[in-house]
4 protein chains.
Amino acid sequence: MIQSGEFFERLKRMRDNIYMGGKLLRRDDPQLMPGVRVIMLTYDLAADPQHKGLFTATSHLSGKEINRFTHVHQSPEDLMKKQEMTRVGIHRTGFCIQRCMGIDAMNALSVVTREVDDAKGTEYGGRFRAYLKHWQENDISAACAQTDVKGNRKLRPHEQKDPDHYVRIVERRKDGIVVRGAKTHITMAAHADEIVVVPTRVLTKDEKDWAVAFAIPADAKGLKLVNRASAPRQRKHLTSPMADLGSSDAFVIFDDVFVPWERVFLAGEVDFAGRLALLFALYHRHSYCGCKPGVTDILIGLTSLVSEYHGVEKAQHIQHKIADMIGVGELIYAAGIAAAVKSEKASSGTQIPNTIYANVGRRHAGENIYHEHNILADISGGLPATLPFEEDFFSEETGDLLNKYIVHSEQVPAENQHRCFRTISDVICSGFGGVWQLAGVHGGGSPIMETIALLGNYDVAQRKRLAKYIAGIKE
Amino acid sequence: MIQSGEFFERLKRMRDNIYMGGKLLRRDDPQLMPGVRVIMLTYDLAADPQHKGLFTATSHLSGKEINRFTHVHQSPEDLMKKQEMTRVGIHRTGFCIQRCMGIDAMNALSVVTREVDDAKGTEYGGRFRAYLKHWQENDISAACAQTDVKGNRKLRPHEQKDPDHYVRIVERRKDGIVVRGAKTHITMAAHADEIVVVPTRVLTKDEKDWAVAFAIPADAKGLKLVNRASAPRQRKHLTSPMADLGSSDAFVIFDDVFVPWERVFLAGEVDFAGRLALLFALYHRHSYCGCKPGVTDILIGLTSLVSEYHGVEKAQHIQHKIADMIGVGELIYAAGIAAAVKSEKASSGTQIPNTIYANVGRRHAGENIYHEHNILADISGGLPATLPFEEDFFSEETGDLLNKYIVHSEQVPAENQHRCFRTISDVICSGFGGVWQLAGVHGGGSPIMETIALLGNYDVAQRKRLAKYIAGIKE
Amino acid sequence: MIQSGEFFERLKRMRDNIYMGGKLLRRDDPQLMPGVRVIMLTYDLAADPQHKGLFTATSHLSGKEINRFTHVHQSPEDLMKKQEMTRVGIHRTGFCIQRCMGIDAMNALSVVTREVDDAKGTEYGGRFRAYLKHWQENDISAACAQTDVKGNRKLRPHEQKDPDHYVRIVERRKDGIVVRGAKTHITMAAHADEIVVVPTRVLTKDEKDWAVAFAIPADAKGLKLVNRASAPRQRKHLTSPMADLGSSDAFVIFDDVFVPWERVFLAGEVDFAGRLALLFALYHRHSYCGCKPGVTDILIGLTSLVSEYHGVEKAQHIQHKIADMIGVGELIYAAGIAAAVKSEKASSGTQIPNTIYANVGRRHAGENIYHEHNILADISGGLPATLPFEEDFFSEETGDLLNKYIVHSEQVPAENQHRCFRTISDVICSGFGGVWQLAGVHGGGSPIMETIALLGNYDVAQRKRLAKYIAGIKE
Amino acid sequence: MIQSGEFFERLKRMRDNIYMGGKLLRRDDPQLMPGVRVIMLTYDLAADPQHKGLFTATSHLSGKEINRFTHVHQSPEDLMKKQEMTRVGIHRTGFCIQRCMGIDAMNALSVVTREVDDAKGTEYGGRFRAYLKHWQENDISAACAQTDVKGNRKLRPHEQKDPDHYVRIVERRKDGIVVRGAKTHITMAAHADEIVVVPTRVLTKDEKDWAVAFAIPADAKGLKLVNRASAPRQRKHLTSPMADLGSSDAFVIFDDVFVPWERVFLAGEVDFAGRLALLFALYHRHSYCGCKPGVTDILIGLTSLVSEYHGVEKAQHIQHKIADMIGVGELIYAAGIAAAVKSEKASSGTQIPNTIYANVGRRHAGENIYHEHNILADISGGLPATLPFEEDFFSEETGDLLNKYIVHSEQVPAENQHRCFRTISDVICSGFGGVWQLAGVHGGGSPIMETIALLGNYDVAQRKRLAKYIAGIKE
């Protein structure tokens, strides 16, 4: 494990390849720092003795204590710990902790590299373990790049007019491969050490060049990150933990990037592309079962707080809405627990969460985020949308007047009222809030993807047999 | 364990005290037999070797194999087995398996009798264990009678104009107590060996006479069961597993019933009345987390079947609705698993499910049953409401014509079409179906009760602190 | 206009052709009388001076006062009056008033017979007016038979293995036609004077034999009504307006029925079959916009009443649920008003409601009926499912005890409590209630049919142009 | 009627009293111009001959053609025209047209000034008509300032620790009154000619100083507007109609503002304060019944467009979601039509919309806006949240690559894809979008306010009587 400072230093040493607003930015550009701080927090939390065993784990490779964000799960308990760690992480940021995606990809790779080897006699498993060792020793933070730009949705990868619309191998060399294409929606790529790339879908035998998985430094040659940073409106006076944090999503362009063989984990084994794609999605949906309840905790807290400040905390309709939110958050968390309890061990020894439960959990999250925001909006009233900007509360002309008028009761100082509504405004009424609202639907897989996963994996036929049985219909 | 036949013989030997439709009925009256058959099934399932370890358990008292419906849970695994057993039971009936309520009451009593003893030096624990031994040896089926008639909802028990509106002790004798009052909504009382009585609410120190728990034979002197039996419309030709089954709910009147001390488990310890009431509810809500997914399995199966018969099984909107139902059933089941994983051990050794998860699970069930029925109704079309009666399909005048016109395709014989729609009609469009629709809301505690339980047990204040933390509000 | 007694006498004189439960019934069989009484009520209401102008109208043919249930709408006001009449009718029954379907079919026929004549030079319009005159003079009650049994849903009528799976002309004679087939879900056919038959769908040029519309006496030779009557469980002591009423749905079999030309309104003009099918649906959906708010009025009333009896009428969560129901009912009613305001005049002079508004209204009804029942169920508690039968409240053994225990407060006598819960049990927890719950989804067209109608008629392309406009996308 | 240019000139001549971000701004500050342009559009639309009779009306005072935004409704048709005008206005902006609030306040004042005169012999009516004449002649744009800051929600205005927490008269002079206090959430105040002030609630006899209504120029002495402007992120290349528009909400501080008597419309008549407050709300909720369907039109259009660009426009689940949105928009519009049809004429001659229908319509809007955004978000996918900024599409380093990868099919040029997603990003994933999402809940009154209005005005008791009638319960 390393210190957050070391991580930051490492980041600053990277090659500049982040583009935003038409400019090439350094990785410590003020616009990027809110996101960087979130990743730094994941190092700080692991270093905090009170989180020992939660944010840390024991490596099955080295037996050493490692950051759990670099751990490959060995048991149902590991899966539950990951859920809990994610939830606790959200409690410190108020939104996405971001670092889960890299380790979710690593867990999927740990399973599939071994399965490919078992099936084909390849050597991906050994390569992967060596890479994992590097991860654990260096406490690597990585983004996972999965979603291709996809071009025409009705055509398969190899049928696209532009074959680059799915990331593909354009050259196979003795020392490695060269890849081209673009991945979209890549959260935290701008503040990651590395980028782990996995396929986005099931592939057919004509699509060997698209069956590719690998890892590269986030500043690799040929790699361009066109980034969109999101953060609350910057504050001068009322700093707060959440106000200083943020996130980034990158459009990651692989403009002929070389990847040495030791970092290539799939290269042409089309029959395993879908397995890998779905396994990453599965781990990530399971992570959501820890993440989303943490977000709900924050939304419950804000709802409860603003209703207290309004003096209506005890009103039945507010209490019932809070109970609704409890139901949402805890059903999702329960689904994660059930996915861990019903998990299975892969041939690699990695623990794989149950598909049905991880998907019903993630789906419930995606179907309820707007509803939860709606509850908070409903109870907050209109002020998050119309709150004057921070500076006006501190200007000579208007500061005293605004503070005079924003007070509700003697119990709550004007500044706390102000902080409460400004934070809610950040959460439900800002570009930053809008990003996380949408991510609540689509991050880690949209509800429609979970619906498809459920319909593909649930034994509906057995239920039909039950129906025939009780109805006395002979098959 | 005993055979279902023995149970039935035992039932037939009981004193007649079941009133229905203005008449006094024998326990094997044809109107009651559908419900009796459900209880008999719980013996048959335990006797079936394929369900060994699921419908059976090992008694912690005797070490012998017992019917799991008489077992006091000793571990999280026991709680999960109970869930699974209940779900599998539903798969054989298509609706409520009924026998869970008695054992849920026994588990609650196992905890509280010991806690009272610990606190007050009473001897309820020993009595209870003796009674449990009787249960396990004789494979007792019992109803649990909890809900008092309650009179004026705004007054406490001791404030009621008629003090009998909550069941109470009217006389304390050397050999036992005499109780008076009435309990309502008592499922399966008409086909139970015994009735276990627990309080319905928290009590105050003025309410010693109402703090009473005990067990009595269902035909005890002074006991009147005014019963309402529910079953599908009786069939002559198209018998089926579900068509032969049914249920009963009794209004149980204690018209000065004597209970010997060895069957009294609480008598005046007001501070434990609420604990017992809530614990029974908790066990029963956890049972619901196994039961309801079983009901959903049947509803999914019927929806899938009828859409196949309509030839529209693959339609996206139908598939998505089935995914909705999967989500409902499996989130509830996951909540039950989480309640088991997060369960705690009582001083008696009994395992107590987690309150939050059992309640979010049961609440989700209660809030979705109408929605699930709506889906099945939506996809079935109007025929479940307008299907001619069975006899018309077998009469000379109309039988051939109806069979000619009910056919959809050559793949599905007229009789199967008929059976499919008749079963759906029983489930969503009959008095029997209406009872189980309403029971889906209120059985085991209405959503509002779970809302109250959640709001009383969830640490909302902690979430508020999280909100203050991210907003930078100092407490 | 005639008296209800005359109608009843007319009914009793009809040939017996109603089959139910394997028997041939007279039209005044006790099982059928609950439905007969509903139709009789439609005569009584028109005869009541307080409803003059609402349940009556002025015939555009004769200028005489007629029952509005025999009126062809001439203006938006007529359409609004029909809505209001329907709502007020429901207030007297508590559920479906049933007689609207016949007049909805007549309105559709009034439009289409003229349009066919305009297009093809046929003489349907004159025939129809003569038939309408007969209707208005004799105050005819008619069922409308639309829904064919349809056989294989993937095949068109002329492709069915059994061509009778859609009602069709099997012979064209000099004096009329002979028809064969079956119509399903035909409400009130068993207590109607006549049956008006219209096609169920759009037809192609190969389907001339299926393009048929006509009217026949409900006891015509060759006609068999296999009926399913629904009514609350019969009462001996606590009679009430709703308890005496009921409904019937028939499976109507045309076993080679002769129809004289003067009663044939379409016979082979395939290009107008769909128009007629959709127009009947449109009028009927508009009727629903009056009917459903009446049902909601009753559901609001019962919810309000039971919450008063429970002593919780003022509770915020109950008040909010009542507001939800107000929203449902009045949005539907508003849609009906908008459909009238935006209605158009046909070439025949008949007023046609707006398609979009009639469909959004009916769709909202169909999507909310389960939700409304859920609210009533939620607030009633479990008693509607477990209430002992009426006789037990009047038996010597149990009557006094039940009355003692059912009382909540001195303000509400036991009988009123009893009546309240028994009525709710009839509405949400009985076979009768189940029929009307399902009919709330499918009667007059299922939500999916309205969805299809909306998608077919709404100018989505215009909205897309608006989106392009604001986005600056040139077309 | 005047030209938009004249309005703009007028605006620029006003005294600077707009504070934002700690600075004093001119009214044509670039940050304010997006909002100014919306108001200018309301003049342009009235000047456009194609909208004659829709955006214009005939003054009942002068008989001249006026901008309908200055018209006092004289008939149900006027109310429907206002709805339609608002909807068409939204079609040009993509969001709130803003100018409705002023005229809604004027309509309310037209009614109440007369009613006060009738009751008390005051002379408000004449003053108001004179002021209205000024409005119509000068084509005045005004904000309406209603919502007080309210201080402690549990105390009445006169009980507040700080009496200024509701706007009040602090001095009554011969020539007028002096007012102090603050109004919050005042949309368009920063680009209005005038501000019309009305009370926020029902008042008691101790609250004469708070019973005040008046109109003042928006730059009146003592008036400070602390403003929050909202607009899409400014574009350099891809300008579009919506991208150039925006809105403002002001915190309006009355720091001892003098109002001459001819502009005072209520001053102490406490018994009419509530009437005025509710009437403004009523007119504004009726306006919402035109506005919200316009917003839904845009949301439908964007959903339809993005699904076309994704190549999945015909997918059933997308079509059904579009039908859901049609249902939402048109039920609201229907409620507005019904409110007009069932409107009543005030003693002043002004037409007052029906309370029930205006409220069920507005409530449906407020309860569905998040749901509609959710649909658009669901179908758009994640790109609105992660779309690189505009400049990156036009930079040398990344422009070509982004355009290469954003293309889905040859039919849709990269720029159109880009425009489509950028617009959706503005609508659902930006601070601007968040403001209008929240305004969709609270603007014109939150759903809870409409719930209260419904419960206060709906005749629930009548429905209870209907329930008793059908149940046979004698009152």
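Reader: How many bridges join β7(A) to strand β11 of chain A?
Author: This is a predicted model. Strand β11 spans residues 247–260 of chain A, and β7(A) runs antiparallel to it. One bridge pairs Gly181(A) with Phe254(A) in β11(A). The bridges joining the two strands number ten.

Reader: Which residue stands opposite Val178(A) of β7(A)?
Author: β7(A) also pairs with strand β6, residues 168–172 of chain A. Those two strands run antiparallel, joined by four bridges. Opposite Val178(A) stands Glu171(A).

Reader: How many residues lie between β6(A) and β7(A) in their hairpin?
Author: Four bridges hold the antiparallel pairing of β6(A) with β7(A). The two strands form a hairpin. The number of residues between them is three.

Reader: Why is strand β7 of chain A largely enclosed by the rest of the structure?
Author: Look at burial, meaning under 20% relative accessible area. The strand covers residues 176–187 of chain A. It is largely enclosed because, of its twelve residues, the number buried is ten.

Reader: What kind of axis relates chain D to chain A?
Author: Superposing chain D on chain A takes a rotation of 180°, with 0.0 Å of shift along the axis. The RMSD is 0.0 Å. That relation is the one given by a two-fold axis.

Reader: Which residue of chain D comes closest to the rotation axis?
Author: The axis in question belongs to the 180° rotation that superposes chain D on chain A. The C-alpha distance to the axis is 2.1 Å for the closest residue of chain D, Gly431(D).

Reader: What percentage of the interface residues of chain D are also interface residues in chain A?
Author: The copies meet through the same surface. The shared percentage is 100%.

Methods:
Residues numbered from 1 in each chain as written. Chains lettered and ligands numbered in written order. Predicted model: local features only at pLDDT ≥ 70, side-chain atom pairs only at ≥ 80, totals over all residues. Heavy atoms only, no water. Buried < 20%, exposed > 50% of the residue type's maximum accessible area, 1.4 Å probe, protein only. Pairing = 2+ DSSP bridges. Least-squares fit on C-alpha atoms with pLDDT ≥ 70 in both. Contact = heavy atoms within 4.5 Å.
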